[in-house]
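The structure is shown first, and the account follows.

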Amino acid sequence: MEELLQQLMGPAQNSTVSSLDMDPLLVQVWTPSKMFLLDMLRGAPTMEPFSLELNSELNSSALKCTRRSLCSLNVECLKGSKLALPLLMHQLGHCSRHHRNHSLLADEAALLAFKKTIVFDPESKLAGWTEGGDVCSFTGVRCDKHRHSVVQLNLSRSGLTGALSPIISNLSGLRYLILDENHFYGIIPPEFSSLRHLHSLRLDSNNLRGSFPGFLAALPNLTVLTLTENHLMGTLPPSLFSNCTSLANIELSQNLLTGKIPQEIGNCPSLWNLNLYNNQFTGELPASLANISELYNIDVESNSLTGELPANIIGKLYSVVSLHFSYNKMVSHDHNTNLEPFFTALANCTELQELELAGMRLGGRLPSSIGRLSGDLSTLLLQENSIFGTIPPGIARLSSLTWLNLTSNSLNGTIPAEISRLSYLEQLFLSHNLLTGAIPAALGQLPHLGLLDLSNNQLSGEIPASLGNLVRLSFMFLNNNLLTGTIPPTLGKCADLSMLDLSYNRLTGSIPPEISGIREIRRYLNLSHNLLDGPLPIELSKLENVEEIDVSSNNLSGSIFFQISSCIAVTRLNFSHNSIEGHLPDSIGDLKNLESFDVSGNHLSGGIPTSLNKSRSLSFLNLSFNDFAGVIPSGGVFNSVTDKSFLGNQDLCGAVSGMPKCSHKRHWFRLRLFLIVFVLLTFASAFLTTICCVIGIHRIKAMVSSGNSVDTEQARKPETPELIHNFPRITYRELSEATGGLERVVDPSLMRASRDQFPEVKGMWEVAIGELIELGILCTQESPSTRPTMLDAADDLDRLKRYLSGDTTATFASSLGISSSTLGDD
């Protein structure tokens with residue numbers, strides 16, 4: 001106990017009270033009170049009367065020794081009293097409670113004032129901030145354990161909109177200010193420099209502007225500073241790092257900061273994370289970074305940093321895990337020709353997991369020392385450089401590698417089969433190089449591979465059937481190579497494929513129906529610009545989730561199946577430049593998401609389906625160079641296309657700009673068909689007149705001959721055979737077949753003209769011919785009772801004329817074999 005008191009009150013011989021921050025006058029009351037407390041703590045007899053004296057003296061002397069202010073004491077009146085210290089402690093307790101209550105009230109006022117600056121609170125996060133409420137229970141607010149003051153304000157991801165108010169600086173005890181992912185605007189208030197206890201300031205992902213807040217250097221306890229994704233400008237002040245012994249996390253990415261990274265940053269021994277990507281920093285990386293041995297992550301991507309790759313810095317960062325230098329202006333050693341020094345230094349980074357050096361046009365060969373990098377390396381991104389030479393087989397020693405990207409370099413030679421030993425590899429990018437030779441069949445042994453991109457090289461040979469073993473593959477790009485042979489049906493086992501691109505090769509044969517087994521193709525299937533033949537496989541209709549299908553520029557035949565409407569998610573269809581025949585199915589209009597449809601350069605015929613105008617999303621249509629005929633529909637996409645969508649279709653007409661105009665339907669009936677009707681009726685009248693005349697003459701001759709030869713017949717037997725009165729009846733079909741489809745009876749030019757008409761006109765033509773032929777046959781009947789009269793025939797011809805002129809109420813008499821039937825014009 002005595003030890004404890006000595007720690008609290010200091011040595012007995014020391015009469016100063018500086019350790020308690022008391023007024024110096026209290027020294028005069030310190031010693032007697034201190035001795036009394038020592039006796040009390042030791043259990044001395046003075047303990048017994050203590051309670052009595054305390055009750056009386058605290059009730060009387062306290063009133064006598066206090067002034068009007070609760071927290072003020074008249075020290076003179078306490079001189080020599082052994083109860084001076086208890087009385088003093090009693091009063092100081094009251095004073096402390098009063099001060100703490102006052103602090104929380106001030107924090108409440110600051111928070112309510114901050115609430116008034118918010119102009120939009122979509123999630124009503126501040127609805128419970130009310131005057132007189134429990135401040136420590138406000139949303140996003142946390143008080144210290146004694147509930148004396150606010151120590152944290154966390155309104156992250158709340159969608160709040162408003163100016164960042166300086167009133168926050170009135171929260172004098174604040175340690176954590178977390179307002180990231182909101183819509184605060186304006187500048188960071190200079191008043192924040194008074195938040196001396198602030199440990200963490202997180203204002204990233206807002207709309208803050210202005211110069212970088214150099215006054216943040218006045219916050220000695222700052223540990224976390226994140227201002228990422230704002231619009232801050234200017235340079236980083238060296239003073240920020242002059243007293244940064246506590247600073248551990250700096251995230252200033254995605255701003256507009258300029259200038260050099262200060263050398264003083266090396267004065268931050270606790271710094272483990274430095275994110276400065278997507279700014280406009282220039283110059284070289286400061287060499288002082290080598291002093292920060294515990295640095296874990298350096299991300300300076302997408303700046304304008306220059307100089308050689310910092311081998312002298314990297315070689316001393318033994319604990320670094322992530323190095324992101326991509327998209328700067330750094331070069332390799334020896335005038336951008338030698339990568340060996342940097343990769344040698346990297347071998348010291350035994351905990352390295354991510355190395356990103358993309359987009360800097362680094363020159364040199366990949367050194368064999370790449371195989372000596374950390375065994376924990378999982379990401380190696382070297383794309384968009386000028387690296388040449390072959391891929392070293394030693395790269396297979398990076399056993400933890402999951403992501404290897406060597407795209408867009410000048411690598412040549414073959415793909416080393418040793419890559420198949422990277423058993424954890426998930427993404428392999430080798431596109432846009434000069435790689436030759438065959439695709440190693442061993443690549444089919446990568447069990448976790450989800451992306452394979454070998455496009456835009458000079459690879460030859462056949463596609464290995466072993467690639468079908470990559471059952472986790474989601475993306476396969478083998479396009480723009482020199483591959484030959486057929487598409488292996490084993491690819492159908494890659495059931496998780498989302499994108500398959502085999503375009504621009506020399507593949508032959510038909511599209512295997514097993515492709516339909518890839519039901520998960522969601523993005524696109526591209527087999528264009530090959531030498532594929534055979535019919536367009538109906539199995540394509542089973543790809544219900546595919547968004548794009550491109551089989552253009554092949555030798556595919558057959559027709560477009562109506563089941564194509566099952567591809568309900570498709571947005572782009574390209575069947576152009578093949579040998580597809582037949583009609584476009586009406587079901588094509590059921591593709592509600594279709595945006596682009598190209599069937600140009602085929603042998604399609606018939607009319608253009610009007611159902612295409614139902615698609616609201618269709619914006620590109622190319623039907624050029626086919627054999628379409630008839631009227632171009634209107635509405636929908638047809639209101640926005642030009643004649644370029646229909647070039648090379650000689651029998652199309654319509655209202656599209658640049659295309660021949662079609663006559664109006666009724667106008668066409670009354671002008672062009674009028675000539676046909678007139679010729680038909682003239683021919684029919686002449687035909688019937690001739691038949692009647694022939695019959696009349698024949699009957700007159702028979703009667704005359706019969707009268708003059710009565711006596712002769714009685715005297716002798718007739719020398720001529722008896723006339724046959726019952727000729728066999730023939731049908732219209734027999735007559736048509738016997739006359740070659742009436743071409744021997746009707747003017748052949750009129751017959752050819754009828755074939756070129758629309759289906760509805762051709763139907764009317766066939767009805768008219770049939771009725772005329774039947775009328776002619778009836779008129780040749782031997783018995784007068786079965787022949788129509790001339791009046792009946794003329795009446796029927798008049799009705800037929802009105803029918804062909806568009807009168808849908810016209811009916812035909814029973815003499816024509818159709819009683820009271822009304823025929824429409826369709």
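A residue is called buried when its relative accessible area is under 20%, exposed when that area is over 50%, and partly exposed in between, using a 1.4 Å probe and protein chains only. By this rule Cys-143 is buried, because its relative accessibility is 9%.

The model is a predicted one, in which local features need pLDDT of at least 70 and side-chain atom pairs count only at pLDDT 80 or more, while totals for chains, interfaces and linings use all residues. Residues are numbered from 1 along each chain as its sequence is written, and side-chain values use heavy atoms, with hydrogens and water left out.

## The disulfides

A disulfide is taken here as a pair of cysteine sulfur atoms within 2.5 Å. How many disulfides does a search of the whole structure find? The search gives 3. Their sulfur distances are listed below.

| Disulfide | Distance between sulfur atoms |
|---|---|
| Cys-136 and Cys-143 | 2.0 Å |
| Cys-244 and Cys-268 | 2.1 Å |
| Cys-653 and Cys-662 | 1.5 Å |

**Cys-136 and Cys-143.** This link is left-handed, with -100° about the S-S bond. Cys-136 has a relative accessible area of 13% and is therefore buried.

**Cys-244 and Cys-268.** The link between these two cysteines is left-handed, with -105° about the S-S bond. Cys-244 is buried, because its relative accessibility is 4%. Cys-268 is buried too, with a relative accessible area of 0%.

**Cys-653 and Cys-662.** Is this disulfide left-handed or right-handed? The torsion about the S-S bond of Cys-653 and Cys-662 is about 110°, so the link is right-handed. Cys-653 has 14% relative accessibility and counts as buried, whereas Cys-662, at 27%, counts as partly exposed.

## Further cysteines

Two other residues can be described by their accessibility. Cys-349 is buried, because its relative accessibility is 0%. Cys-494 is likewise buried, at 0% relative accessibility.
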